[in-house]
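This report goes through selected parts of one protein chain, element by element. Keep the sequence and the 3D view open while reading.

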Amino acid sequence: MKKQDKKFYITTPLYYSSGKLHLGHCYTTVVCDSLARFKRKDGYDVFFLTGTDEHGQNIAKRAEEKGITPKEFVDNLYRDITDLWSLMKITYDKFIRTTDEYHEETVKKIFTKLYEQGDIYKAEYEGWYCSPCESFWAESQLEDGKCPDCHREVSRAKEESYFFRLSKYGDKLLKLYEKNPEFLQPKSRVNEMVNNFIKPGLQDLAVSRTSVSWGVPVPFDNKHSIYVWIDALANYLTALGYMSDDEELFKKYWPADVHMMAKEIVRFHSIIWPSLLMALDLPLPKHVYGHGWLLFGGDKMSKSKGNVVDPYFLVGRYGLDAIRYYLLREVPFGNDGVFSIKSLLGRYNDDLCNSLGNLVSRTIAMIEKNFDGKVPAKGNFKDSLDKELKDMSECLIGKVREAVDGFNVPQALTEIMALVYRANKYIDETTPWTLAKDLEQKGRLGEVLYNLAEVLRFVAVALSPFLPDTAQSIFDKLGLGKVPDDFDSLARFGGLEEGTPVTKGKNLFDRINIDEELKKLEEE
């Protein structure tokens, strides 16, 4: 299949933060970045979208508290987010802001279209309102009298609003889930949406506010501002030029392959969003994936909870790839994961230092010592241990691809590390230090070290979408130049050329004394 025939459109949710950005803000975007990087290398034409949610009551309130205009506030938000993505080396193709003029103009067109065809009507709303979530709730949806999403207090609100006929799409949503069980993942989310929201009966959705001026005005009724769900959710279309003079990107990439988000906004993406798309007579995204929360001390990480972990501090202290690896490997995808410095350091030592780093150091050091720093000649792979390592290497990218296609990034890294573990065991089995003592075993020693160096090449290329800096460092040590932009070189074991100069240099990762490090952190 040609690259132009293989499209992959992946999105993060729009980001909003009223305070200091923490590690929890990075999780979804690092995952999406890894998926996007992998798909690009795998021959796909990728469009990776992220952005900021810049309208609404909370923005206006926070700006007022800081004594600045809402526009100044969101400009600061934009800089903070893009600076963080630069730190994390996020390779997005487009960053959208909901205050972008083209976005606002298309949101008005969408609202007008839905109104004119009868999917939006004007009425008065009275119900329970959660200010932090900017959500209205019916009495039946409350949990212990509180917001079902954030579990905070709600207040009674009465307001004239425009409503989207969400109730009209309940049966269509049920058919969607029946006919397309892969639409919403993981599957545990499906029962929650169907049993808790759709089957009890969907209620029409308030999609405008008169009490919020910081927003996109309803084009035919300036007393109303378009509410967040049509405004924010529409970004997945507006970023591609939908309803603009140039719809080339929209025609090329829509429908999205996957909308990735944390589980608390799954309802909006798996109920409201497909209903809006049905109303607009547009194809639905192929997948909606609601991953779990990154927890800290057993609670969701957020400024209001006080559980802030600074990504700048962590990256500066332990390195970017150590943080990326922890986020991608430690958290069981689809479920909640608990962050702790101790678990981060444990994963760093066990996987990155003792396993990967040690394999790289030992292999290159032995080539430098025994073959003047040049890759020795390869063998014929007839030895059973050699053949096992060869076969495992040649199967690697297929296994990683299968995990990525299922959005299971931790499993993808597990497959890569399995080859690393096997190569370390191969060293123990072949005992190259013993072979080095016998001149008659020089040829066999060369075969063993060639195989190990070739494994490192496979590991680096497979690892590059997830830990790009580490992958390039391995290639630098192997004297191989830039990591390739595709996986074609992993089709055959034995592609590493004899005589390639290697350089051990500094360690990829230095072991950390966990007890001493924890003590230092407590004292700082």
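## Helix α13

Of the 30 residues in α13, 22 are buried, so the helix is mostly covered. The model is a predicted one. Helix α13 covers residues 341-370 and bends by about 35 degrees at N358. After α13 comes D372, with a positive phi near 55 degrees.

## The parallel sheet

Six strands make an open sheet with parallel pairing, in the order β3-β2-β1-β12-β13-β7. The edges are taken by β3 (94-97) and β7 (184-185); each has a single partner strand, so one side of each has no neighbour in the sheet. In general, the strands of a sheet pair through backbone hydrogen bonds, either parallel or antiparallel.

Strand β2 (residues 45-52) runs parallel to β3, and four bridges join the two. T50 stands opposite F95, which belongs to β3.

## The antiparallel sheet

A second open sheet is listed here, with four strands in the order β5-β4-β6-β8 and antiparallel pairing. Its edge strands are β5 and β8 (205-206), each of which pairs on one side only.

Strand β4 pairs with β6 (residues 155-164) over 10 bridges, in the antiparallel sense. Within this pairing, E126 has K158 in β6 as its bridge partner. Strand β4 also runs antiparallel to β5 (residues 135-137), to which three bridges join it. In β5, W137 is the bridge partner of W128, and S135 stands opposite C130.

Where does D119 lie? D119 is in the loop between α4 (101-116) and β4 (120-130). Is D119 buried or exposed? Its relative accessibility is 2%, so D119 counts as buried.

The side chain of D119 makes a polar contact of 2.8 Å with the side chain of Y169. Leaving out neighbours within four places in sequence, D119 is in contact with L114, F163, F164, R165, K168, Y169 and A279.

## M278 in helix α10

M278 lies in helix α10, which spans residues 266-279. Residues up to four places away in sequence aside, M278 touches Y169, K172, L173, L176 and L284. Y169 is also the residue joined to D119 by the side-chain polar contact. V218 is 60 residues from M278 along the chain, and the C-alpha atoms of the two are separated by 21 Å.

## Helices α11 and α12

Helix α11 (residues 311-318) and helix α12 (residues 320-330) have axes that come within 6 Å and cross at roughly 115 degrees. On the α11 side, the residues that meet α12 are L314, V315 and Y318; their counterparts in α12 are L320, A322 and I323. By class, this contact has six nonpolar residues, with no polar and no charged ones.

Y312 is also in α11. Because its relative accessibility is 40%, Y312 counts as partly exposed. Not counting residues up to four places away in sequence, Y312 touches D80, D83, L84 and L87. Y312 and L87 are 225 residues apart along the chain, yet 7.6 Å separates their C-alpha atoms.

## Backbone exceptions

Most residues other than glycine have a negative phi, and most peptide bonds are trans. Which peptide bond involving Q185 is cis? The bond from Q185 to P186 is cis, with omega near -10 degrees. P186 is in the loop between β7 and α6 (188-198). The bond from W254 to P255 is cis as well, with omega near 10 degrees. P255 is found in the loop between α9 (248-253) and β12 (258-262).

Two loop residues with positive phi complete the picture. D144 is not a glycine, but its phi is positive, at about 55 degrees. D144 is in the loop between β5 and β6, and it is exposed because its relative accessible area is 80%. F381 has a phi near 60 degrees, again a positive value in a residue other than glycine. F381 lies in the loop between α13 and α14 (384-405). With 11% relative accessibility, F381 counts as buried.

Technical notes: Residues are numbered from 1 along each chain as its sequence is written. This is a predicted model: local features need pLDDT of at least 70, side-chain atom pairs count only at pLDDT 80 or more; totals for chains, interfaces and linings use all residues. Side-chain values use heavy atoms; hydrogens and water are left out. Buried means under 20% relative accessible area, exposed over 50%, partly exposed in between (1.4 Å probe, protein chains only). A polar contact is a pair of N or O atoms within 3.5 Å; within protein, one must be able to donate a hydrogen and the other to accept it, and residues adjacent in sequence count only if both atoms are side-chain atoms. Contact means heavy atoms within 4.5 Å. Axes are lines fitted to C-alpha atoms, for helices over the stretch in contact, and angles run from 0 to 180 degrees between N-to-C directions. Ala, Val, Leu, Ile, Met, Phe, Trp, Tyr, Cys and Pro count as nonpolar, Asp, Glu, Lys and Arg as charged, and the others, Gly among them, as polar. Two strands pair if DSSP finds at least two bridges between them. The bend at a residue is the angle between axes fitted to the seven residues ending there and the seven starting there.
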